[in-house]
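Please walk through the model below with the sequence at hand. The account moves from a helix and its surroundings to charged pairs and then to aromatic rings.

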Amino acid sequence: MGLSYLGIFHTAIGIIAIVAAVTDFIKKGKIDLSSPSGKIYFYLTLITSLTALGLSKHGGFNPGHIFALFIVVLILIAYFLHSKKQGNNRARFFETFLLSFSFFLSLVPTVNETFTRVPVGHPLAKAPTDAIIGQTLFALFVLFIIGFFFQFRKQRRINKSV
């Protein structure tokens, strides 16, 4: 697949971060920074995003690097809200949104890289502009919107009960 050692490390921890987030979505309905899987998502997403800055297929700074930096900002703000705004119910809405949005954004380069590399020798897409990538990202975006709607409703119920 033509991955460097940094690329292999980046990919491995990125996969673990995605699995941790999905685990939290299944168990708690959101990425919860107080749970072990939420902490794994936070730290490994931070590392994955920072290691992405050292990767480039085409050389130089590119849109993938902007995604990585934006994801870092999102998860750091969510972490701040989680740790410094404990009693603030409104902060939980923003924290949940930021973590879910960071997860969605991390899937954009994941889908792009996976579809243009797998299966080895006959990838699903020849370029990031192929229709299958756009269709997959659109489906993931719709799932993100639906998922956040349910997270918002659940958080509103939690806030009312507290």
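At 45% relative accessibility, L50 counts as partly exposed, a class that lies between buried, under 20% relative accessible area, and exposed, over 50%, with a 1.4 Å probe and protein chains only. The model is a predicted one, in which local features need pLDDT of at least 70 and side-chain atom pairs count only at pLDDT 80 or more, while totals for chains, interfaces and linings use all residues. Residues are numbered from 1 along each chain as its sequence is written, and side-chain values use heavy atoms, with hydrogens and water left out.

L50 is found in helix α2, where helices are DSSP runs of H or I with at least four residues, numbered from the N terminus. Together with L53, F61, I66 and L69, L50 forms a nonpolar patch on the surface that has about 470 Å² of accessible area. Such a patch is made of residues with over 30% relative accessible area and no salt bridge, nonpolar side chains (Val, Leu, Ile, Met, Phe, Trp, Tyr) being joined within 5 Å, and the areas come from the Shrake-Rupley method with a 1.4 Å probe, only the protein chains shown counting as cover for residues.

The same helix α2, residues 36–52, also holds P36, which counts as exposed because its relative accessibility is 63%. T45, likewise found in helix α2, is buried, with a relative accessible area of 5%. Leaving aside neighbours within four places in sequence, T45 is in contact (heavy atoms within 4.5 Å) with A17, I40, I71 and I75.

Helix α5 covers residues 131–161, and its 31 residues reach 45 Å from the first C-alpha to the last, close to the 45 Å expected at 1.5 Å a residue; the expected span is 1.5 Å times one less than the number of residues. In α5, the buried residues are I133, L137, F144, F148, Q151, Q155 and N159, and the buried residues of α5 pack against α1 (5–28) and α4 (89–115).

What charged pairs are there? A search of the whole structure finds three salt bridges, each being a side-chain nitrogen of Lys or Arg within 4 Å of a carboxyl oxygen of Asp or Glu. In the pair of K28 and D32, the closest N and O atoms are 3.2 Å apart; K28 is partly exposed at 34% relative accessibility, whereas D32 is buried at 12%. E95 bridges to R92 with the closest N and O atoms 2.8 Å apart, and because these two are three residues apart in helix α4, E95 and R92 are separated by about one helical turn. Both E95 and R92 are buried. Finally, R117 and E113 bring their closest N and O atoms to 2.9 Å, with R117 buried at 18% and E113 partly exposed at 29%.

The structure also holds 16 aromatic pairs, in which rings of Phe, Tyr and Trp (its six-membered ring) have centres within 6.5 Å, planes under 30 degrees apart counting as stacked, over 60 as edge-to-face and the rest as tilted. The rings of F101 and F144 have centres 5.7 Å apart and planes at 40 degrees, so this pair is tilted. The pair links distant parts of the chain, with F101 in helix α4 and F144 in helix α5, 43 residues apart, and both F101 and F144 are buried. Ring pairs also join F70, F93, F97, F101, F104, F141, F144, F148 and F152 into a cluster.

Methods: Patch = residues over 30% accessible without salt bridge, like charges linked within 9 Å, V, L, I, M, F, W, Y side chains within 5 Å.
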